[in-house]
Amino acid sequence: PFRPETRVVRIDLHSSKSGRYEWIQLEYDTVFSPYQCFHLQVQWMVASGSTTSKDFVALMYRRAQQAGIRCEQFPEYCSSTASGFDRRVQHPFVLPKIISLPSCWNKGQEFLQTLLLGLQVEHGFVVDRIRYFGRTSVKWYTLVHREGYIFVHLGNDVLELVPNYIKPVADVNEATKILYMEIPKLVDQVSINIQAE
């Protein structure tokens, strides 16, 4: 996993319906890797959200499907960062499930690598972002479920599980119920294996 650069492009939209000048801003990663998420962020402050911008987003979804790429919509609270700190900001109305990590997690990279591999292989997660805390080499991993149901944030001796409520609530509740039971089991199993070595 790596931390990609992002690029911002302004796209003019010609709307025959409104007759006014409209544009959107598209922010995207400059490098694609099949091993982590690729980000496209569409912002429209100078476009009518109900017509032109929705048409643009629908066109992006169709083009991605034609290329065999899966698109998932995520709310900003799942991956937002505070400026200057490179840490995620908690949303005031979304309470993450907190899983404490065992004391062996910071004694080396083996626990972290085994846990990340288990989340990816056994539970269908993909690396979303890696953020570095301050000027140190401390990494804060963010992973997202392939179906888009839940985010996992790793840092500060805990795993935070944050559900994506843009998805249908019944689907999210069913998926998170299973993952809320399985991920602590994975953390315990990795901890037992590392301490046994």
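A residue is called buried under 20% relative accessible area, exposed over 50%, and partly exposed in between, using a 1.4 Å probe and protein chains only. The structure is a predicted model, in which local features need pLDDT of at least 70 and side-chain atom pairs count only at pLDDT 80 or more, while totals for chains, interfaces and linings use all residues. Residues are numbered from 1 along each chain as its sequence is written, and side-chain values use heavy atoms, with hydrogens and water left out.

**Fold and burial**

- The chain contains ten strands and three helices; helices (H or I, at least four residues) and strands (E, at least two) are DSSP runs numbered from the N terminus.
- Read from the N terminus, the order of elements is β-β-β-α-β-β-β-α-β-β-β-β-α.
- Buried residues make up 40% of the 197 residues in the chain.
- Of the contacts (heavy atoms within 4.5 Å) between residues at least 6 apart in sequence, 50% join residues at least 24 apart.

**Surface**

- Phe 32, Phe 38 and Leu 40 make a nonpolar surface patch of about 300 Å². Patches consist of residues with over 30% relative accessible area and no salt bridge, with like charges joined within 9 Å and nonpolar side chains (Val, Leu, Ile, Met, Phe, Trp, Tyr) within 5 Å.
- Leu 40 belongs to strand β3 (residues 40-46), and its relative accessibility of 42% makes Leu 40 partly exposed.

**Salt bridges**

- The structure has four salt bridges, each defined as a side-chain nitrogen of Lys or Arg within 4 Å of a carboxyl oxygen of Asp or Glu.
- Within helix α3 (residues 169-196), Lys 177 and Glu 174 lie three residues apart, about one turn of the helix; their side chains form a salt bridge at 3.7 Å, N to O.
- Lys 177 is partly exposed at 47% relative accessibility, as is Glu 174, with a relative accessible area of 42%.
- Salt bridges with shared partners join Arg 70, Glu 72 and Glu 147 into one network.
- Glu 147 is partly exposed, with a relative accessible area of 32%.

Methods: Areas by Shrake-Rupley, 256 points an atom, 1.4 Å probe, with all protein chains shown as cover.
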